[in-house]
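This note sets out comments on the model below, point by point. Please read it alongside the coordinates.

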Amino acid sequence: MGAAALRALPWALLLLLGPLLPGQRLQADATRVSEPTWEQPWGEPGGITAAPLATAQEVHPLNKQHHNHSAEGHPKPRKAFPVLGIDYSHVRIPFEISLWILLACLMKMGFHVMSSVSKVVPESCLLIVVGLLVGGLIKAVGEKPPILKSDIFFLFLLPPIILDAGYFLPLRQFTENLGTILIFAVVGTLWNAFFLGGLMYAVCQIGGSGLNHIGLLANLLFGSIISAVDPVAVLAVFEEIHINELLHILVFGESLLNDAVTVVLYHLFEEFANFEQVTIIDMVLGFLSFFVVSLGGVFVGVIYGLIAAFTSRFTSNIRVIEPLFVFLYSYMAYLSAEIFHLSGIMALIASGVVMRPYVEANISHKSHTTIKYFLKMWSSVSETLIFIFLGVSTVAGQHYWNWTFVISTLLFCLIARVLGVLVLTWFINKFRIVKLTPKDQFIIAYGGLRGAIAFSLCYLLDYEHFNMRDMFLTAIITVIFFTVFVQGMTIRPLVDLLAVKKKQETKRSINEEIHTQFLDHLLTGIEDICGHYGHHHWKDKLNRFNKKYVKKCLIAGERSKEPQLIAFYHKMEMKQAIELVESGGLGKIPSTISAVSIQNISPKTLPDSNALSALSKDKEDEIRKILRSNLQKTRQRLRSYNRHTLVADPYEDVWNQMLMKRQKMQQAELQLQNAYLTVPANRIDSPTMSRARIGSDPLAYEPKPDSENLPIITIDPASPQSPESMDLSNEVPKGCGGLPPSPEEDEEGLVMRPKEPSSPGTDDVFTPGTSDSPSSQRMLRCLSDPGPRQEPEEGEPFIPKGQ
Amino acid sequence: MRKSKRSRRRRASPTVRSLACTVASPASTKAKMALLDLFIRTCCILALLSREDFQRIPELAINPLGDRIINAFFSEGEDQVNFRGFMRTLAHFRPIEDNEKSKDQNGPEPLNSRSNKLHFAFRLYDLDKDDKISRDELLQVLRMMVGVNISDEQLGSIADRTIQEADQDGDCAISFAEFVKVLEKVDVEQKMSIRFLH
């Protein structure tokens, strides 16, 4: 079965997706593997009768002819060679999948155009409405709209969202609040499930004839399905309201970690429904399986994460496919966990969390950007598709509306959530240093949104054991709609009304980083004095263990010894350098920056409030002379483009030049203490620079992971220097001097050597790739891509320096 | 050797631990004072701690800030700290309780207020006690935290950058007010608190 399944995997993939599409395909039902409905493989000449028109493929006419000849036995009149034909069935499945995804993307685009609507209504609501409309449209046409099949949901739509969440999980806040999150996730979900299940059972008993037959176990199963807070919905809604990080991580973390509980309860009750009698042994086993599921999931994730980290250590020669390793290993972790019915979500999160620090230290910055954007893209598209399909499935599914059941479900869901949060917070606040205020509790309770996971889980139930499945589905959809629409729409005004603390948008400064580390050490010391092994103590121990053993294995080369502070600092400098390049060059440096470099040399000189003073004419000429003479020496060497290397970016070269200039100036300044020198102001508007300004996505170019290089890159921007000292030909960057300009040192990617010499300063027209200093060619390699950096936070805008 | 060190430590740290617990209990200051007086009167020998007692704690030896933390307990020029001094220092790390926030507005600020916590940390940076963190002092701390692999220029540029970011009055040093401002986003109340669960 396994081998056959593997071989049939590509076919199975398409077959699974087949029923997704409307048309005369099979009716959507709860079977896990759908039968193939269309018996025509591709290119089969027997498809002539099915395909109304002649195929466009060259093969077919010939075969057709042959077939006709052999079958018929007498020559038919020859059909003319089809110049143009239609063969839709050939591409039907990919075409329709692409159509759905395109619809999702266009919707997303549309919502941002209609900004007035999207301010009031969260995107998820709009998407569900779109889904309803599309479903209605399909139904009106007469076809059967597809229902969101559970396999597709769990195997393709859910993992990107979870991986995105897990990979970019703010680990510091998560671990600080882990106890709280776990209590909410585990105890809260259990409470919800049993409370709701029990109450629904009571309702069913008194609810009249329609409901009496639903047993306790069925109700408990229903309760467990609907009690889980859904990460997709939470993400979709909370992302837009920019709530403070603590609340965000509490609700979001809860939604992620309650997957284990949901999985256990679901399988438990599903199995129990088949049993005649539930014994104590079964319950004990169920209790044990919770630990197995959750810890097993985490374990699987950690294993894959470590393997991925280890693999990334050796990827320095194949940078182009580095992101793929991250995605594949995480996805495999998810699938492997699913094989054993362990919690796939926890595996995915664990693998993302574990692999991230090491992978980020190993991969190039471009790969890092790729990973980030791909994850965001996939998760965004997935989320959109999920909501659209929720809408479509609502139209498509068979519903069984029972007022009592649905209304009481809704009511008890809300009550259970509120009660649960209140009681648990009271308990948790005894142990928390920063207590959860009632406002926080309200938001946590209100943010308990249900979503597509509940729907898909219910969909998985089979009819034969649970013939009230339709009623369950209806109730679940109602609850989902209510939470997403009502709670989703009102949470934003409520947040504003209650003046809940919002997220702080600014970036973490170097000061914060230093002082936070300082406080970490301080607190660890105090804890050691008290003999109290608290949070800091264990974190410190883990860090030491990490530094001593793990980093050496998993991080390539020199970077394994780099302290976190340095990595953070370099990252900041990089970003600001790019920011400078983008904003138009050195001329706009704020005065405070020059103040710092000034203070090193001449404390007496006061910085000007505006741009540095202009260059005098002869100084300018001198620079140009020097540059020209030195540039003659350099030759352009552009590697030919092939798929395995990335062509260098024109911006990169400009940026390299900027850094070189800055670094040159800094060094010269340190030797001589003199008046200012700036790059002539008109250089800013050179085409290269304006192109750099227009360029949308700044890709940072990291120095080689070499400790000698590091001082150079991080030097403060252009500072005063005298023209005489700008002897570029003789100055060699400190660290780069050691590096021979040999091509093999280079990674693929930023290979562009300086191009043919032009007159760099005279007309201020920089063609891309011009370098104005000879050692910049060496610098270019130093700055070529492979430098990895830890990214302290994701998706934050670069802050302009000194502004 | 290790065994005896450990046993000596065990002798010291239960003392330390129990002292710390007394500090952390929500009893009123007056009660604490009474307790401490009783303590001192009954156990004179253990009433004083010296630097060596602290240095016996092995984790402090590998802590980059170990020496400075120890020095923070001892007041100027003294080599021994009594229970009162010990308690004062540790009291900075008591969690801020909500009921304390409202009462006693007019009285002296409690030791575990946010401002006093930050002041404690500031004093650890500022060795020469001129109420400023100068570039050199910052460099020293950075060097302690970062280790030996990083060159001086690099640390220098980090220090420069740090001061430049924080400095508002242009004196190229970080005063206490600037220090507080920089850390306004950090949750100091949570970070600099220890919950004594014993």
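The points below treat the basis of the model, the interface, chain B and selected residues.

1. Basis. This is a predicted model, in which local features need pLDDT of at least 70 and side-chain atom pairs count only at pLDDT 80 or more, while totals for chains, interfaces and linings use all residues. Residues are numbered from 1 along each chain as its sequence is written, chains are lettered from A and ligands numbered from 1 in the order in which they are written, and side-chain values use heavy atoms, with hydrogens and water left out.

2. Extent of the interface. Chain B places 58 residues in contact with 57 residues of chain A, contact meaning heavy atoms within 4.5 Å. About 5,300 Å² is buried between the two chains, and carbon and sulfur atoms give 65% of that area. Buried area here is the accessible area (1.4 Å probe) that two parts lose on being put together, summed over both.

3. Composition of the interface. Helix α10 (residues 152-166) of chain B supplies ten residues, the largest share of the side of chain B that touches chain A. Helices (H or I, at least four residues) and strands (E, at least two) are DSSP runs, numbered from the N terminus. That side of chain B divides into 35 nonpolar, ten polar and 13 charged residues. In this scheme Ala, Val, Leu, Ile, Met, Phe, Trp, Tyr, Cys and Pro count as nonpolar, Asp, Glu, Lys and Arg as charged, and the others, Gly among them, as polar.

4. How many salt bridges does the rule find between chain B and chain A? The number is zero, a salt bridge being a side-chain nitrogen of Lys or Arg within 4 Å of a carboxyl oxygen of Asp or Glu. Three residue pairs are in polar contact between the chains, both residues at pLDDT 80 or more. A polar contact is a pair of N or O atoms within 3.5 Å; within protein, one must be able to donate a hydrogen and the other to accept it, and residues adjacent in sequence count only if both atoms are side-chain atoms.

5. Chain B. This chain contains twelve helices and four strands. Of its 198 residues, 45% count as buried, where buried means under 20% relative accessible area, exposed over 50%, and partly exposed in between (1.4 Å probe, protein chains only). Among contacts in chain B with a separation of 6 or more, 60% come from residues 24 or more positions apart.

6. Annotated segments. An unreviewed UniProt entry lists "domain: EF-hand" for residues 113-148 and 154-189 of chain B; such annotations may be inferred rather than shown by experiment. Residues 113-148 of chain B are 67% helix and 6% strand, with end C-alpha atoms 36 Å apart. For residues 154-189 of chain B the values are 61% helix, 6% strand and 32 Å.

7. Salt bridges within chains. The rule gives 14 salt bridges over all chains. One joins Glu123(A) and Lys108(A) at 2.8 Å, N to O. Glu123(A) lies in helix α6 (residues 123-141) and Lys108(A) in helix α4 (residues 88-113) of chain A, 15 residues apart, and both residues are buried. Glu322(A) and Arg319(A) pair at 2.7 Å, N to O, and each is buried. In chain B, Glu184(B) and Lys181(B) form a salt bridge at 3.7 Å; Glu184(B) is partly exposed at 47% relative accessible area, and Lys181(B) is partly exposed at 41%.

8. Asn177(A). This residue sits in the loop between α8 (171-176) and α9 (178-206) of chain A. Asn177(A) counts as buried because its relative accessible area is 3%. Leaving aside residues up to four places away in sequence, Asn177(A) touches Leu246(A), Ile249(A), Leu250(A) and Arg432(A).
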